[in-house]
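Subject: Structure handover

Hello,

Here is the structure for your files. Notes on what was found in it follow below.

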Amino acid sequence: MSTPFRLVFFLNCLFLITTSLASDVVKIENKIIMNMIQSLTHNTNISIYTDSKRLQKILTDNIVNFVPVCSDADVAILETKHVKNCNKLPIITLKYELLKTYQNSVGSFFWQKGRPNIVFIAPRLKSQNISVGSKFDAFVEESIW
Amino acid sequence: MKKYLFIISALYSTTLYASDDNVLNMLEKLRQESELHHQTKKEDAGIVTLYTRDDLVRMQAYTLNDVLKSIPFFTYQEGSVTTSSIAITTNPVSYLPNFRLYIDDHEVSSTYFGTAFYVYGDMNLGFVDHIEVYQGGNGIEFGSEPSLSTIRIYSKTPSRENGSQLQLLTDNRASASGYLYHAGKNEDIEYSAYVSANHLNRDTIHYNNNELSKDSDKSHFLITLKNEKFNLLLSRYDSLQDGFLGLGSKKMPTGKNEIDKYHQFLNASYHFTDSLKAYISIDDSSSQMDFHEENGYNQGTGSYFRSEWDENIYKFGLKGDKKVDQHDIRYGLEFAQKELKPKSSSYDNISTLNINGPTKLDIYSLYFQDTYQVSNNGSLIATLKLDGYKDNDDADNSVDPIVRLGYMHRVNNEYKAKLFISHTYLYPSFYYTTTYSGRTHINPLLNPVQINNFITEITKSRKNYTAKLAIMYANFKDGIFFNPASKKYENNKDSSYLLSTSFTLEYKFDLFNSFYFNVYKSENSNHTEYSPDLGATLRLLNKYDKFSFFNEVVYRSGYVSVNNTRIDSGYDYSLGVIYEYNKKLSFNFKAENVLDKAINGPTTLTDIQSSLDRAFMFGMEYNF
């Protein structure tokens, strides 16, 4: 093996080792949220509105397109109250209590008791004709706590 | 070349697509990777034993003692007045302050006794996220006075709790304890409030027609507030503890025997930038002892002894870090003032208050550490700390240095090693230098214990397991001992050493099932074993459906105690089950020291002094 190739090999290994630990969290968060989004819409290009700056850094997939106005989005992902023009599309909240704030929110990805949680609310999914698929069966609940 | 291409592609595939599509597994993996200890654990601070959030929950670690009893190299013990302590393996120096204890960035300690466990041993852990135990280090990383070992307790992060928890617990002796915790985030401020109350009933011992009680009542109140710039921690801990063996020569306390104490503190810090912060803290504590014993006391005449004192600690300082090329520099300065305030001492209500020795100590500290990345796989660590001491008795005005050199090396993906050589010291607490109650053993002229320390640890990690081999060597000079001839604490001019070896294996069957095994063996130059020289812990954590299981065996070998009493070896087998009824409600059952074989404490009445009772606990936790 040539010296340049050894160097490339070494740098690749080093990059993977040093970045894997730090970025594992972001990768898994990305995967969970993308799974949730794709369970709500089958569009190949998904327009998303979010008020979370962190989420805009996490969702880097090519099929995701962030829009500046909620009414232009396929799905909204919200972490604060008082976001306007979001009442005609499915919403995923990043705080559980926001399920009570937004009547058209269908699910939540939130932290409680030191662990991440997912929940979908069955009547709200039904009212918007959404089926989240068997992958999320265990996370569908009949009502908000 | 194909081989190398295969390795690169395999690395990419395992790194990028490590988690499968099962949502439950993804959530569990995210929880594990996000655990707070990934941010707080300092590998360069010594040999680290970690109790993660998940460990503490599944072990049903209700109090700090549940953790203390399994720490490698140490043995959990209760003293004659049932205060908790942990004895270092083989105990080469008779009186050695073993541990420093931190809640977040605040050290909690008794100025008088020099140990936090006097107050905090059986503290409820409801507010705790995880616990890190550092051994063989010197505490410089935490800007504290030096210690051989450090326990860091980290509170839960409010933004990850988002809600309230209520836990209630009882046991086969009708003890009752519980806590209420609430946390959340409001705009930019994270906050939490925690209150716990414990009424603990222990085995009552019948001895010479007397009933000896270890029962206690504790309560704890803690508030945290933080935003980007500011951090506040406020805590008050109250404890009312039955006196058990008392302080009398015959160990037969009669009537009211109790220790009533509290410790409260405020710690505030302000971050000027991400890498520079200032902090200030105030500790205030008070203790009152009441002991009745018809047969009298060693130190004074009468049948009723009463003692009362307050303690204060004030600290302020600056901490910073800076990265320059390959150098990661940490620095800090601190001023601390410790004060002992004797209030009363009497036998049969006749005052014996007479202060001898220092009661106030000023400590000026300056430290600097450079971690230099010598290669992609190796780093050199150099540390210097200077502590200046000045007391109000003019007994000591000295500057004590701590020097440390270390090297950490990652050999490859599987192996890594670390090695530290240091010189440090342990300063005697007021208990050894000061009296106000007629104790004659004290010696205001005691020098600090000088310690030269060497530790190394080799770690092998694979996907499912981590194996660690650690060796600790410490050479002690000026160790503090009680000289029966002079009847005083004195420095031992002969040096002694402690050599300990430990092996640890952590194996994960999958995301939910794991075991932990540790064994250690020690020897010292005195060929004495004032505490166990051999210890082992085996812990199994399993999960099936809505049930979580815990099994643990902690073994400690027998030895001959300082007062020449033979202590038999013992093992504590504990088990627990948690049933998660739904997301909000769970039920717990735990059996501690099931076979009643745990090692006894080292008091003069060792045959009746077990440090751990056999207990069966039932509880519930409700999240809302």
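In what order do the 5 strands of the open sheet in chain B lie? The order is β1-β6-β7-β4-β5, and the pairing is mixed. At the edges are β1 (47-51) and β5 (106-108) of chain B, each of which pairs on one side only. From one strand to the next the twist averages 25°. Here axes are lines fitted to C-alpha atoms, for helices over the stretch in contact, and angles run from 0 to 180 degrees between N-to-C directions. Strands (E, at least two residues) and helices (H or I, at least four) are DSSP runs numbered from the N terminus, and two strands count as paired if DSSP finds at least two bridges between them.

This is a predicted model: local features need pLDDT of at least 70, side-chain atom pairs count only at pLDDT 80 or more, and totals for chains, interfaces and linings use all residues. Residues are numbered from 1 along each chain as its sequence is written, while chains are lettered from A and ligands numbered from 1 in the order in which they are written.

I103(B) has H106(B) as its bridge partner in β5(B).

H409(B) is bridged to A417(B) in β23(B). β23(B) also runs antiparallel to β24 (residues 449-461) of chain B, joined by 12 bridges; there Y425(B) has Q450(B) as its partner.

Chain B as a whole has 8 helices and 36 strands. Its radius of gyration, taken over C-alpha atoms, is 25 Å, close to the 25 Å that the globule rule (2.2 Å times the number of residues to the power 0.38) gives for 624 residues, so chain B is as compact as a globular protein of that length. The C-alpha trace of chain B spans about 85 × 55 × 55 Å along its principal axes.

One caution concerns chain A. Its pLDDT (the predictor's confidence in each residue, from 0 to 100) averages 81, and 84% of the residues score at least 70. Over residues 7-22 of chain A, however, the pLDDT is below 50, and this stretch has 10 contacts (C-beta atoms, placed from the backbone, within 7 Å) beyond near neighbours in sequence. Where pLDDT is low, the predicted coordinates should not be read in detail.

Regards

Definitions and conventions. Two residues are in contact if their C-beta atoms, placed from the backbone, lie within 7 Å.
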